Amino acid sequence: MAKLTLPQLERHLFGAADILRGAMDAAEYKDYLFGMLFLKRASDQYDFTRKLIKAEHLANGVGEEQAELTSRSKSQHLRHGGGFTVPEAARWETIVEQSRKADVVLGDMLTKALRALEDENPTSLGGVLGHIDFTKKALTRVRLQKLIDHFGRYKLANTDFEFPDLLGAAYEYLIKEFADSAGKKGGEFYTPREVVRMMVRLVDPQEGHKVYDPCSGSAGMLIAAHEHVREHGGQADTLLLAGQEPATGVWAMSKMNMILHGIVDASIINGDTLAEPLHKTGGELERFDQILSNPPFSLNYDRESMQHKERMAFGWTPEGGKKADLMFVQHMLSVLVPNGIGATVMPHGVLFRGGEEGKIRQAMIENGRLEAVIGLPANIFYGTGIPACILIIRGHNGPADPARRGKVLFINADREFTAGRAQNHLGYEHIEKIVSAFRDYADIPAFSRAVPIAELADNDYNLNIRRYVDNTPPPEPQDVRAHLHGGIPKSEVAARAHLFEAYGIDVRQLFAEKNADYYDFPPEGPAAVTARIPILAAPREAQFRQAVDAWWQDHEKHLRALPGTQEKLLMSTRAELLDSFVTTLEPSGLLDRHQLAGAIASWWGEVQYDLKTLAANDFPEVIEGWVSSIEAAFEENEFDDAKAKQRRTAEKRKARDHQIVPVLLPSYLEELDRAEAHRADLEARYKAATTRSFDDEDGSEMEETLTTTELNQLRTCLNTAKRKIKKLEAEFTTRLHASSEKLNKDQKAHLTLKLFYNTLIIRIEAFIITGRHTIEETSVVLSSKYATPLSTIENKRKSFEISLSAELKELGYA
């Protein structure tokens, strides 16, 4: 039986959400779905481990009864890495059996099942599941039965997954979907993953370090720190991860998130960090190497009841003005080790508000505790469209590099984003640019600048980012002489020389020489300049594509070595591919290192789960996973409402567009295209024949061109065409599966690598085309300014006046 793929599990979990959607909002029903998922997962893994233990003891000659008793032992499950001990009331087979009994109250049964699981595993699950109450009125028996039946469709033990941490990845997906649905409330427990990845790279945790999030939400930042260490070849299990979260439901979510990612020893505590920090050693606050956090913006706080007031060494903001932001920052500063580093998201107000906040800001800077301020784009966080910033803070020893002391680095990245329909996003290339600027502590025009503290003092410690790094585009230059007499200023072309040079374009092939200071448009006109750009850029683009292809041919051996390694080689492969790609291709000059790093990193992000499948299995399993995921998109769901059906239609379309489909089914797609074209032709003819039309001259109704018999024949042909398409669509998954089964192992390996490469090329092409379009836009701008000088306009005006005067004279008006 095929193993469960990530797209299948994501659809499965979203289908479970469909059952509850409408009964309550996402902020409420997420707890019930997480509870059901955790219950099913724990039970399935327990059953698998129990059977494994029993079989092992039977093979060693132990009797049936004793083997069964031993298989239920908690110590045996721990020895086999089985996770939790699951009592009878929490086992899935019990839940399914009891759910069919009319006298059983389903909500009460499920609530007791979660509490029984928690009580059986108090150390790891204490307080995590007990708050979930399925007896809520909106959770009718019908809904709960549907939920039980739905979760019963798939087994969720480790051996049922195509790669080991699939369930953790799916849980992250579900959290994001809930954040999307929850709107503003989503920001309470979810920070966009691209922001999290960037923050983790900025603080760069290493194995053996202690990482802390005082407002941990769903624990995404701590999990990302764990993944960062693993991705860089470190022993991630040596990290000490700690967090505190005030909302009980969100805290429980974070505990489950950690467990499902295989992180069982993190210290996530339920409580208000500002009021009472709970991570202590010997009565003293615990200290950490790195801090990552996105605290809630603009809260009030109570100074009187606050524990450990010594944390606020730089001062106190007003209690009632929703200005607790810098109180969170001071808490973080107080728990950093002397050489520690932290990254925290903050509203822009902390950078320039005066009063007590200004004094705190001044003290932080003068004590060397602020290393960098990074301005982010607007509309990238849930719950707010306003731009935010990231503060990089330091322990009391200040920055490790002496060259950074006495300065604050400002990075203005508010233009570094990819526009989205509802939200903007940081792309990998944007992250690379920001991280590189911070690591280099570099002065980059209109992007970053290291500002001496003396200059900050001259500005009353106002940290408004644009004051120090203004990235406002300069006004478009206007050459009066060119406007009057024509020509293109060579100075303006020279200012854009880097664009032309990157694509190997000699501007003398675009423009004609006019004189020492000006070019001219070619005789064919300004449009010819834009038309020539793709032609002139083609050789350099082809050369670059050949370099990418050569790099791939040289490095695909690393991917061929992955099967069966269980991720042992995965992270070293990642490092080799990411580093060598930039090193090999940067000298070409077509794309800069940020674009190259962004392209290869985003490629890895897209295919990483396929690569995990490859490492855990082999190439045939990757193909099998793709086919299974496509098939799953076409499975019918009896719980679908109108909205879910609409989404499923979109999923089917997306699945049919998977890049493996045209490779496996080229003739099928041609047949389907012909059938759809034939149907469209018949529909157009039928519509024309049955739609009344009128003669343009007198408005009388025109006679129909088809007789009744011909019209009936046309209708019959149309219905036949529709049935053929329906039949072809019904055969899609069957044909796809059959075609994949015809491939041998070598063919599957070749196809997998080919599609991996195609995925990379798609990303590379996007950067190439964007760069070329930038040059074309430059041509259009120059044309719009200088293609028609004033002298030409004057001549046209005079010519028009002469022509008009002649017309008027001929008509007798002049």
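Predicted model: local features only at pLDDT ≥ 70, side-chain atom pairs only at ≥ 80, totals over all residues.
A cavity, in the sense used here, is a set of grid points inside the protein where a 1.4 Å probe fits but cannot get out, and a residue counts as lining the cavity when it has an atom within 4 Å of one of those points.

The structure holds 3 cavities of 30 Å³ or more. By residue type, the lining of the second largest cavity divides into 7 nonpolar residues, no polar ones and 1 charged one.

The largest cavity, with a volume of about 100 Å³, has a lining of another composition: 2 nonpolar, 5 polar and 5 charged residues. It is lined by 12 residues, and those that lie nearest its centre are R11, R153, A632, E635 and R648. Helix α1 (residues 6-20) provides the largest share of this lining, namely 4 residues.

Charged residues also meet one another in salt bridges, of which the structure holds 47. One of these is formed by E371 and R394, whose closest N and O atoms are 2.6 Å apart. The pair links distant parts of the chain, since E371 lies in strand β8 (residues 370-375) and R394 in strand β9 (residues 388-394), 23 residues apart. Because the cut-off for a buried residue is a relative accessibility under 20%, E371 counts as buried at 0%, and R394 likewise counts as buried at 10%.

A second salt bridge joins the side chains of E492 and K785, with a distance of 2.8 Å from N to O. Here E492 belongs to helix α20 (residues 490-495) and K785 to helix α31 (residues 745-786), so the pair ties together parts that are 293 residues apart in sequence. Both E492 and K785 are buried.

The last stop is a sheet. Strands of a sheet pair through backbone hydrogen bonds, and the pairing may be either parallel or antiparallel. In this model, 3 strands form an open sheet in the order β12-β14-β13, and the pairing is antiparallel. Why is one side of β12 and of β13 left without a neighbour in the sheet? The reason is that β12 (488-489) and β13 (512-513) stand at the edges, so each of them has a single partner strand. Strand β12 is joined by 2 bridges to strand β14 (residues 518-520), to which it runs antiparallel, and P489 stands opposite Y518 in β14.

How values were computed. Residues numbered from 1 in each chain as written. Heavy atoms only, no water. Pairing = 2+ DSSP bridges. Salt bridge = Lys/Arg side-chain N within 4 Å of Asp/Glu carboxyl O. Buried < 20%, exposed > 50% of the residue type's maximum accessible area, 1.4 Å probe, protein only. 1 Å grid on protein atoms, 1.4 Å probe; cavity = no way out; pocket = protein on both sides within 12 Å on 5 of 7 lines; lining within 4 Å. Points joined across faces, edges and corners; volume = space filled by probe spheres on them. Nonpolar A, V, L, I, M, F, W, Y, C, P; charged D, E, K, R; others polar.
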